[in-house]
Amino acid sequence: MHRSLTTLLLLLVTIPLGLAARYAPLHLSWFLYKYLGSTLWAIALYWFLATLLPKLHPRALATLAIIIATLLELSRLIPVAPIDAFRQTFAGMILLGRYFSLKNIAAYILAIALAATADHFLVKSTSKRRQP
């Protein structure tokens with residue numbers, strides 16, 4: 001299976017898991033409720049970028065994903081009326097979040113590192129299968 005198709009499938013699995021972690025009545029512990037959604041959001045960001053940029057090495061994708069996630073988190077500190085209004089919508093809450101947290105940046109970095117590690121092994125196993 002091509003890498004971009006695999007990463008798209010992983011993205012399509014990650015999104016509903018993240019939504020369920022935030023909005024389904026799963027009775028998660030406070031810690032899981034607080035960070036599982038953020039972690040899955042960062043993993044989804046990684047798989048999204050990997051799908052769009054399938055030729056990039058996982059390390060480069062992880063760097064890009066960490067930069068984007070960190071900038072989005074930091075953007076919460078700068079009031080911009082149209083963006084702040086969007087953040088109040090369901091899509092805005094899901095895509096951009098509402099409140100700044102340094103702990104979220106740590107969760108993003110860990111999650112993206114895990115996704116990149118999984119992707120590294122995916123790329124490695126895919127390239128082994130293609131060799132004669």
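Me: Where is Phe 100 found?

Reply: First, a caution: this model is predicted. To place a residue, look at the elements on either side. Phe 100 sits in the loop between helix H5 (90–96) and helix H6 (102–130).

Me: Is Phe 100 buried, partly exposed or exposed?

Reply: Check the relative accessibility. Under 20% is buried and over 50% is exposed. Phe 100 has 30%, so it counts as partly exposed.

Me: What about Ser 101, buried or exposed?

Reply: Ser 101 is in the loop between H5 and H6 too. Its relative accessible area is 14%, so Ser 101 is buried. Its side chain also reaches the backbone nitrogen of Lys 103, at 3.2 Å.

Me: How many helices and strands does the protein have?

Reply: Count the elements along the chain. There are six helices and zero strands. In sequence order the pattern reads α-α-α-α-α-α. The C-alpha atoms fill a box of roughly 55 × 35 × 20 Å along the principal axes.

Me: What share of the residues is buried?

Reply: Of the 132 residues, 33% are buried. Now ask how the chain meets itself. Take the contacts with a separation of 6 or more: residues 24 or more positions apart account for 65% of them.

Me: Which residues have the most contacts inside the largest nonpolar core?

Reply: Tyr 46, Trp 47 and Ile 112 do, in a core of 21 residues. Helix H1 (3–23), helix H2 (30–52), H3 and H6 each supply at least two residues. H2 gives the largest share, 10 residues.

Me: Which residues is Trp 47 in contact with?

Reply: Leave aside its neighbours within four places in sequence. Then Trp 47 touches Thr 7, Leu 10, Leu 11, Thr 14, Ala 115, Ala 118 and Asp 119.

Me: How many salt bridges are there in the whole structure?

Reply: A search finds three. For each pair, check the distance, then the positions along the chain. Arg 3 pairs with Asp 119, with the closest N and O atoms 2.4 Å apart. This bridge links distant parts of the chain: Arg 3 is in helix H1, Asp 119 is in helix H6, and 116 residues separate them.

Me: Are Arg 3 and Asp 119 buried or exposed?

Reply: Arg 3 has a relative accessible area of 9%, so it is buried. Asp 119 is at 0%, so it is buried as well.

Me: Which residues form the other bridges?

Reply: Arg 76 meets Glu 73 at 2.4 Å, N to O. Arg 76 counts as buried at 16% relative accessibility, and Glu 73 counts as buried at 0%. Arg 87 pairs with Asp 84, with the closest N and O atoms 3.8 Å apart. Both lie in helix H4 (residues 81–87), three residues apart, about one turn of the helix. Arg 87 is buried at 4%, whereas Asp 84 is partly exposed at 27%.

Me: Which residues form the nonpolar patch on the surface?

Reply: Look for nonpolar side chains on the outside. The patch consists of Ile 67, Leu 71, Leu 74, Leu 77, Ile 78, Val 80, Ile 83, Phe 100 and Leu 102. Together they have about 800 Å² of accessible area. Helix H3 (residues 58–75) gives the most, three residues.

Me: Where is His 57?

Reply: His 57 is in the loop between H2 and H3. It is partly exposed, because its relative accessible area is 41%. A polar atom of its side chain lies 3.0 Å from the backbone nitrogen of Arg 59.

How values were computed. Residues are numbered from 1 along each chain as its sequence is written. This is a predicted model: local features need pLDDT of at least 70, side-chain atom pairs count only at pLDDT 80 or more; totals for chains, interfaces and linings use all residues. Side-chain values use heavy atoms; hydrogens and water are left out. Helices (H or I, at least four residues) and strands (E, at least two) are DSSP runs, numbered from the N terminus. Buried means under 20% relative accessible area, exposed over 50%, partly exposed in between (1.4 Å probe, protein chains only). Contact means heavy atoms within 4.5 Å. Patches are made of residues with over 30% relative accessible area and no salt bridge: like charges are joined within 9 Å, nonpolar side chains (Val, Leu, Ile, Met, Phe, Trp, Tyr) within 5 Å. Accessible areas come from the Shrake-Rupley method with a 1.4 Å probe; for residues, only the protein chains shown count as cover. A salt bridge is a side-chain nitrogen of Lys or Arg within 4 Å of a carboxyl oxygen of Asp or Glu. A polar contact is a pair of N or O atoms within 3.5 Å; within protein, one must be able to donate a hydrogen and the other to accept it, and residues adjacent in sequence count only if both atoms are side-chain atoms. A nonpolar core is a set of buried Ala, Val, Leu, Ile, Met, Phe, Trp, Tyr and Cys residues joined through side-chain atoms within 4.5 Å.
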